[in-house]
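User: Hi! Could you walk me through this one? I'd like to begin with how the strands pair up.

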Amino acid sequence: MQSLESLSHRLSSYLAPSQINRVKRAYFYAEQAHDGQMRRSGEPYVTHPLEVANILAGMHMDHQSLMAAMLHDVIEDTTVPKEAIAKQFGETVAELVDGVSKLTQFEFESQAEKQAENFQKMALAMAKDIRVILVKLADRLHNMRTLGALRPEKKRRIAKETLEIYAPIAQRLGMNNVRLELENRGFSAMYPLRCERLQTALKAARGNRKELVEKIQSAIELRLEQENINALVIGREKHLYSIYKKMRNKKKSFKEIMDVYAFRIIVDNVDSCYRVLGAVHNLYKPVIGEFKDYIAIPKTNGYQSLHTVLVGMHGVPIEVQIRTKDMDEMANSGIAAHWLYKSETPDDTPTGSHARARQWIQGLLEMQQRAGDSLEFIENVKIDLFPDEIYVFTPKGKIIELPAGATAVDFAYTVHTDVGNRCVACKINDRLAPLSQPLQSGQKVKVITTPGAQPNPNWLNFVTTAKARSSIRHFLKNQRHQHSVELGQRMLERALQERKIDFDKLSEDEIQHLIDTANAPSLEALLEDIGLGNRIAHAVAKILGEDSGEETNQSIYSPVMIDSSDGVMVSFARCCRPIPGDPIIGHISPGKGLVIHRDGCRNVTEIRNNPEKVSLVNWAPTVTGEFLVDIRAEVASERGIIATLATRIASQGASIDNIRVDERDAYNSVIQLTIGVHNRVHLANIFRSVRSMRNVISVTRNKN
């Protein structure tokens, strides 16, 4: 265990004495605050903050981060408030400590919701000061090192959270050393048996590989010497968790993964990187399509390197990474490699990986504002943390980074939310392509937009970026809100008309009385509730005017008009599938809004005379759209009859949504179809056309 003195000695290599004293003060403060508290392992609690500070000292973090590390559990686990820390150590340190502290004062439905809320709070704190996440990662790393003392189920829960959230964040920030340790420790806690088996297999494989690794290494070193290139060649070890992931995701055997030999070549400058690439390509044959230049186009987390795959002696595949010393430092420590907060001001202009990290956190913030709740937010973050990337070009040649599997819709939302919302088509390499087509690196993508266009809910089935997903959901929620408010107003207007009250002529006092009595936060919220079917329009109307005793004839008041097939809060019952021209009735369903049935539908028989559950509706004269209807055709069995029938229906301008065939006997079949029509006249024309077919015995519409 580290002592305070050994930490002070370590800090003296890069911090001023006055700053080291402030870190010590924070330690003594934490020691007092945690007095009497013990860790599960039986050690005094203050050993944990000290170890966290020590991990950060290894990254050469500034004194404020180290002070926050010493105090990071004080707010949460003791009675000391944030204000007291701010008074003692300054506002910046207090904000850092608060950002790392969990939300202990809330009650949560589930553990998942609690974790999600905690992460959401931390993401907001990260946006103010990125050091929050570095302190949190160091805290998590020490917790993973001391998991041994916990119960198995708690171990697994912490390990799962580490593998799903914290290890990918470390990767996103380019902190490879932290990521590898988090992953390997998380893996052994989550799957102890799998880890043990892999470890044994790895030890055995290492012994068999040693000779060949040395041969390849010597050959590379000799070739570089002949080219007068000063370089360090290292045989790269594959890590347990990355082997396990490859076996699981790529369905490869342990032997297939271990048959690949990996090397890293570290040189002095960028120019030498490309010279080394030429030398190794001359030594062994490169595999076409496996070369990646992350020096010219760095990864999102700032990682830079040349990657190539060669075929070596005896046909063994050799993976080679070529990079400079600075790039290697950057790859291992990421954002902590060039710590920017050397001064007291956290507003220095960030560069390189720091700027990228800031950009990512800014994106998190946008997602957080759009997400409905913390669980949706954390789901979006998990999507966003997948590291595989592709690089595509805008028509003007700007490079856009996207996750593997991204589509033109993801591209559109990455450019700008408005471009995504108005997107209708796309061109990939100047050719029209489906919006759902996954993009490949190097393609040029042009998005075609239209002013009145709106996001399609089906896009949620294929988009991969969190920004696209959260933007589409946000738009659809807003649209649902608007539609339910409009429908609620129409229903309330009708209910008030029956009491001879004009909604448009209501005074402010009457509206306020309505809101107060209905116990709603606003008129808009009240109308939305009516539109969603959570409140009954008649009950709300009753507040303004009690029944005058005489029965009002409902039919003289204008019904709610149905003017299209794609309203968000108006749906058409599948039991009877009404189409324009049918007599119809509306049933108010909680959460769904208005459900339209045919007047004779059996499902509304019981509620037909209950004005609180049924709404008078009618088709608008200008109704548009395609309405689904179920039909049944009895035909003489003959080869190709289904194709002929489908062609005849399509020739009448109808679409076929579903088709099912039931054979009645050897001679006759019954074909059940769901087709899209505009109205009853359109359906009658289709029936006339189908009945004229030689093999059709009868065609009828299904009734409920």
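Analyst: Happy to. Strand 14 and strand 15 (residues 593-598) run antiparallel and are joined by six bridges. Strands and helices here are DSSP runs, E with at least two residues for strands and H or I with at least four for helices, numbered from the N terminus. Two strands pair if DSSP finds at least two bridges between them.

User: Before we go on, what kind of model is it, and what are the ground rules?

Analyst: This is a predicted model, where local features need pLDDT of at least 70 and side-chain atom pairs count only at pLDDT 80 or more, while totals for chains, interfaces and linings use all residues. Residues are numbered from 1 along each chain as its sequence is written, and side-chain values use heavy atoms, with hydrogens and water left out.

User: Thanks. Which residue stands opposite His587 in strand 15?

Analyst: Val595 does. His587 also has a bridge partner in strand 16, namely Val614. Gly586 is paired with Ser615 of strand 16. Strand 14 and strand 16 (residues 614-615) are antiparallel, with two bridges.

User: In what order do the four strands of the open sheet come?

Analyst: The order is 13-15-14-16, and the pairing is mixed. Strand 13 (570-572) and strand 16 are at the edges with a single partner strand each, so one side of each has no neighbour in the sheet.

User: And strand 14 itself, is it mostly covered or open?

Analyst: Mostly covered: strand 14 spans residues 584-589, and five of its six residues are buried. Buried means under 20% relative accessible area, exposed means over 50%, and partly exposed is in between (1.4 Å probe, protein chains only).

User: Let's zoom out. How many helices and strands does the protein chain have?

Analyst: There are 26 helices and 21 strands. Of the 704 residues in the protein chain, 46% count as buried. The accessible surface comes to about 35300 Å², with 49% of it belonging to carbon and sulfur atoms. Those areas come from the Shrake-Rupley method with a 1.4 Å probe, and for residues only the protein chains shown count as cover.

User: What share of the contacts comes from residues 24 or more positions apart?

Analyst: They account for 68% of the contacts in the protein chain with a separation of 6 or more. A contact means heavy atoms within 4.5 Å.

User: Now the inside. Which residues touch the most other members of the largest nonpolar core?

Analyst: Met70, Leu71, Ile85 and Leu137 do, in a core of 76 residues. A nonpolar core is a set of buried Ala, Val, Leu, Ile, Met, Phe, Trp, Tyr and Cys residues joined through side-chain atoms within 4.5 Å.

User: Nice. Which residue does Glu319 meet in a salt bridge?

Analyst: Lys238, at 4.0 Å from N to O. This pair links distant parts of the chain, 81 residues apart: Glu319 is in strand 6 (residues 317-324), and Lys238 is in the loop between strand 1 (231-235) and helix 13 (240-249). Glu319 is partly exposed at 23% relative accessibility, whereas Lys238 is buried at 14%.

Notes:
Salt bridge = Lys/Arg side-chain N within 4 Å of Asp/Glu carboxyl O.
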